Amino acid sequence: MKILLIDDSQEDRDLILTYIKKIHIKNDVIETKESKNLKEAFDILTKKTYDIIILDLKLPGSEGVETINKVNNFLKKINTPIPIIIVTGLEDYKTGRLAFDIGVKDFLIKDEMKSKELKRSLVFATYYNGNGYTNGNNYPPTFKSFMNPSFSSFLCPLARIFLRLSSSQ
């Protein structure tokens, strides 16, 4: 699994990389590349394909849903669909709902995130359906068997319900 981590904070990137290093998916090697801004990330994406993007919402020159839209637009421009997981320091459920509405696969709060949550998010975000993955790769059967298609098919709607309930309190 190839991960592009986009976050302007070196401290936050180091923490996320620590979590990633603790993740073990049988028969799968996790490779990460870091970027501190969107310009650098776009340069990286033109040279190599990644299986997933971990994206901070607040970057130099971009913030919130605007950041997601810029990444989505660039991915469309280079015709490379890549799932996006948001990792942010802001506990903003309105932005979380909007993020899901525009295609983000998960929305994690940095202060609440641990390795286990990140692993779950990576696994489900890269899962497409019972026949394949969003990035076109076929992961080893052990990885695929970890998935339950009936569970993953309602994961995103379940997350949307949680965000609605959380914001109404």
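K2 stands opposite E31 in strand 2. The model is a predicted one, in which local features need pLDDT of at least 70 and side-chain atom pairs count only at pLDDT 80 or more, while totals for chains, interfaces and linings use all residues. Residues are numbered from 1 along each chain as its sequence is written, and side-chain values use heavy atoms, with hydrogens and water left out.

**Strands and overall make-up**

The chain's secondary structure comes to eight helices and nine strands. Helices (H or I, at least four residues) and strands (E, at least two) are DSSP runs, numbered from the N terminus. Of the 169 residues in the chain, 44% are buried. Here buried means under 20% relative accessible area and exposed over 50%, with partly exposed in between (1.4 Å probe, protein chains only). Contact means heavy atoms within 4.5 Å. Among contacts between residues at least 6 apart in sequence, 63% join residues at least 24 apart.

Four of the five residues of strand 1 are buried, so the strand is mostly covered. Strand 1 and strand 2 run parallel and are joined by five bridges. Strand 1 also runs parallel to strand 3, with four bridges between them; L5 has I54 of strand 3 as its bridge partner. Two strands pair if DSSP finds at least two bridges between them.

**Helix 1**

At 1.5 Å a residue, the 13 residues of helix 1 should span 18 Å, and the end C-alpha atoms are 19 Å apart, which agrees. The expected span is 1.5 Å times one less than the number of residues. R13, I16, L17, Y19 and I20 are the buried residues of helix 1. They cover an arc of only 160° around the axis, which puts them on the same side of the helix; the arc is that of the directions from the helix axis to the C-beta atoms. E11, K21 and K22 are exposed on the other side of helix 1. The buried residues of this helix pack against strand 1, strand 2 (31–35), strand 3 (52–55), strand 6 (84–88) and helix 5 (115–125).

With a relative accessible area of 1%, D7 is buried. Leaving aside neighbours within four places in sequence, D7 is in contact with D12, R13, I16, S35, K36, D56, L59 and K110. The side chains of D7 and K110 are joined by a polar contact of 2.8 Å. A polar contact is a pair of N or O atoms within 3.5 Å; within protein, one must be able to donate a hydrogen and the other to accept it, and residues adjacent in sequence count only if both atoms are side-chain atoms.

**Salt bridges**

Side chains of opposite charge can pair when their charged atoms come close. A salt bridge is a side-chain nitrogen of Lys or Arg within 4 Å of a carboxyl oxygen of Asp or Glu. By this rule the count comes to nine salt bridges.

| Pair | N to O distance |
|---|---|
| K110 and D12 | 2.8 Å |
| E31 and K48 | 2.3 Å |
| K39 and D43 | 3.6 Å |

The side chains of K110 and D12 meet in a salt bridge. K110 lies in the loop between strand 7 (106–109) and helix 5, and D12 in helix 1, so the pair ties together parts that are 98 residues apart in sequence. K110 counts as buried, at 11% relative accessibility, and D12 as partly exposed, at 22%. A network of salt bridges links D7, D12, D56 and K110.

E31 and K48 also meet through their side chains. Since E31 lies in strand 2 and K48 in the loop between helix 2 (38–47) and strand 3, this pair ties together parts that are 17 residues apart in sequence. E31 is partly exposed at 34% relative accessibility, and K48 is partly exposed at 33%.

K39 and D43 are four residues apart in helix 2, so they are separated by about one helical turn. K39 counts as exposed at 60% relative accessibility, whereas D43 counts as partly exposed at 35%.

**R97**

R97 is found in helix 4 (residues 93–101) and is partly exposed, with a relative accessible area of 26%. R97 and F107 are ten residues apart along the chain, and their C-alpha atoms are separated by 9.0 Å.
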